[in-house]
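Have the sequence and the model open side by side. The walk below goes from strands to helices to a pocket.

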Amino acid sequence: MKIICIGRNYANHIAELHNERPTEPVVFMKPDSAVLLKQHPFVIPEFSEDIHHEIEIIVKINKVGKYIEPKFSHKYYDEISVGIDFTARDLQSKLKAKGLPWEKAKAFDGSAVIGEFLPKNQFSSLENITFELTNNNKTVQIGNSGLMLWKIDELISYVSQFFTLKIGDIIFTGTPEGVAAVKPDDVLEGFLEGQQLFRIQVK
């Protein structure tokens, strides 16, 4: 199983980090060892003092595909959820300044939270889904899939040009504004249209 992540897919998040708006999706990957195990806390790694939460809508691939046309992308997933792309922002900034890859800042152990999946057919439109992250019961990020620069089906088509998609692969579709550092004893909860799909403690 591989985790394919999309960066800079919400205009307001691009602005808050003072990044350049891309002309095509920004893609990076996480290994399966990045998945935070169920019922486990997220432990802040020793190599960073600035770990940020980034909540995202995520999609689970259900069939093998390559060079998928956008009009057929909907056939390659049945379930969606929310997850967190934990990011070592201090380390990422250093790597970006040197023009180096982000993996050490994005793909470390436990950096991918995957929520409980829901059938996509329970949503009337995948282009108007609200999702939210709370920290200690306070909303810290809220987004809507309608604000994506590239929609879910476009992303599936795009990444399939480069990577064969396989059953069980996960696509993180980008985070909205509001990313911020986490600290020990924080409790993070992720919601999709009001349904809680994960709850994790930070240590």
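Predicted model: local features only at pLDDT ≥ 70, side-chain atom pairs only at ≥ 80, totals over all residues.

Residues are numbered from 1 along each chain as its sequence is written, and side-chain values use heavy atoms, with hydrogens and water left out.

Start with a three-stranded sheet. Helices (H or I, at least four residues) and strands (E, at least two) are DSSP runs, numbered from the N terminus. Two strands pair if DSSP finds at least two bridges between them. The open sheet runs in the order S6-S3-S12, with antiparallel pairing. Strand S6 (87-88) and strand S12 (180-181) stand at the edges with a single partner strand each, so one side of each has no neighbour in the sheet. Strand S3 (residues 51-53) pairs with S12 over two bridges. His53 has Ala180 in S12 as its bridge partner.

Now turn to helix H2 (residues 89-97). Here Arg89, Leu91, Gln92 and Leu95 are buried. Buried means under 20% relative accessible area, exposed over 50%, and partly exposed in between (1.4 Å probe, protein chains only). Seen down the axis of H2, its buried residues fall within an arc of 155°, so they line one face of the helix. That arc is taken from the directions from the helix axis to the C-beta atoms. Lys94 and Ala97, on the other side of H2, are exposed. The buried residues of H2 pack against S3, S6 and helix H3 (103-106), where contact means heavy atoms within 4.5 Å. After H2 comes Gly99, with a positive phi near 70°.

Helix H4 (residues 152-159) is mostly covered, with six of its eight residues buried. Among them are Ile152, Leu155 and Tyr158. The cover over the buried residues of H4 includes strand S1 (3-7), strand S2 (26-30), strand S4 (55-61), strand S5 (77-85) and strand S11 (170-172).

Next, follow strand S9. Strand S9 (residues 130-135) and strand S10 (residues 138-144) are antiparallel partners over six bridges. Thr130 faces Asn144 in S10. The two strands form a hairpin with two residues between them, and Asn136 in the turn has a positive phi of about 55°. S9 also pairs with S13, in the antiparallel sense over five bridges. In that pairing, Phe131 stands opposite Leu192.

Which residues does Val187 touch? Val187 lies in strand S13 (residues 187-192). Val187 is buried, at a relative accessible area of 16%. Leaving aside residues up to four places away in sequence, Val187 touches Thr134, Asn135, Asn136, Arg199 and Ile200. Val187 and Ser157 are 30 residues apart in sequence and 35 Å apart in space, C-alpha to C-alpha.

Finish at the largest pocket. The largest pocket holds about 310 Å³ of space. Its lining has 16 residues, of which Leu37, Lys38, Gln39, Arg199 and Ile200 lie nearest the centre. Strand S7 (112-114) and strand S14 (195-201) are the elements that give two or more residues to this lining. S14 gives the most, with five residues.

How values were computed. 1 Å grid on protein atoms, 1.4 Å probe; cavity = no way out; pocket = protein on both sides within 12 Å on 5 of 7 lines; lining within 4 Å. Points joined across faces, edges and corners; volume = space filled by probe spheres on them.
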